[in-house]
Amino acid sequence: VNSVASQWGGMHDAWTIEMWFKTSTDSNMYLCDLYNTSNNVNRIYVRTRSSDDQIRFGTYNSSDDHDGMETTGIDCNDGKWHHLAVTSSGTVKQIYFDGKLNASKTVTVDRADDPSMKLYVGAKHDGTEKFTGQIEELRIFSDVRTPDEIRSNMFVNVHGDISGDALAARYGFNEGTGTAIDNSQGTAGRDLVLTNASSWAGAGT
């Protein structure tokens, strides 16, 4: 699943990415990869890690400097639905797992003000390390969501009920058929196209 290259205005240093996911596959797999189509500058990625069943959250700044961090003490491939949120304020990165703060790191991540990026969901930008499982309710915000906001919106699945005014993209993945995936936030350039996926998940999966 991927978008066209699009401006992600407002996602400079402060932002949040959150989603629900489920997998029972023990492998390095990308949940999402925000990539500029040519190099790692301003890149953001979230993936599973097979070596210890943790989540890895990586960022690159506008100078191509990389920083990575991981969860601790979880099992990301236990076949159950889990909520994941990653945030960056520009000076602090955090990972929330099932509504609880799991990891925090003080690090400077200075991204460009309005980078043109392409969003890949369920695979790395080059099509490798594909995610085997289900992903639901992927949201991107141009601010740092608070713990209360993350917890109070975890189970909201109606666009109009999502709190806050910094929503940059939201994908419910409820289309069920076809290849077009709507960004219900409204920025058409951030719509997604389903590619190289086996099928839509049925209700209750």
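Predicted model: local features only at pLDDT ≥ 70, side-chain atom pairs only at ≥ 80, totals over all residues.
Student: What does the C-alpha trace span along its principal axes?
Tutor: About 40 × 40 × 35 Å.

Student: And how many helices and strands?
Tutor: The chain has 1 helix and 15 strands. Those are DSSP runs numbered from the N terminus: helices are H or I with at least four residues, strands are E with at least two.

Student: What is the strand order in the open sheet of 6?
Tutor: β10-β9-β8-β3-β12-β13, with antiparallel pairing. Strands pair if DSSP finds at least two bridges between them.

Student: How many bridges join β3 to β8?
Tutor: 7, and the two strands run antiparallel. Strand β3 covers residues 15–22. Trp 15 stands opposite Ser 88 in β8.

Student: Stay on Ser 88. Buried or exposed?
Tutor: Ser 88 is buried, at a relative accessible area of 0%. Buried means under 20%, exposed over 50%, partly exposed in between, using a 1.4 Å probe and protein chains only.

Student: What does the Ser 88 side chain reach?
Tutor: The backbone nitrogen of Gly 90, at 3.4 Å. Leaving out residues up to four places away in sequence, Ser 88 touches Asp 13, Ala 14, Trp 15, Lys 93, Val 109 and Val 144. Contact means heavy atoms within 4.5 Å.

Student: New topic. Which residues have the most contacts inside the largest nonpolar core?
Tutor: Ile 17, Phe 21, Leu 31 and Leu 119, in a core of 35 residues. A nonpolar core is a set of buried Ala, Val, Leu, Ile, Met, Phe, Trp, Tyr and Cys residues joined through side-chain atoms within 4.5 Å. A second, separate core of 5 residues includes Trp 20, Ala 85, Tyr 96 and Met 154.

Student: What is Ile 17 in contact with?
Tutor: Beyond its neighbours within four places in sequence, the partners include Cys 32, Ile 44, Leu 84 and Val 86.

Methods:
Residues numbered from 1 in each chain as written. Heavy atoms only, no water. Polar contact = N/O pair within 3.5 Å; in protein donor to acceptor, adjacent residues only side chain to side chain.
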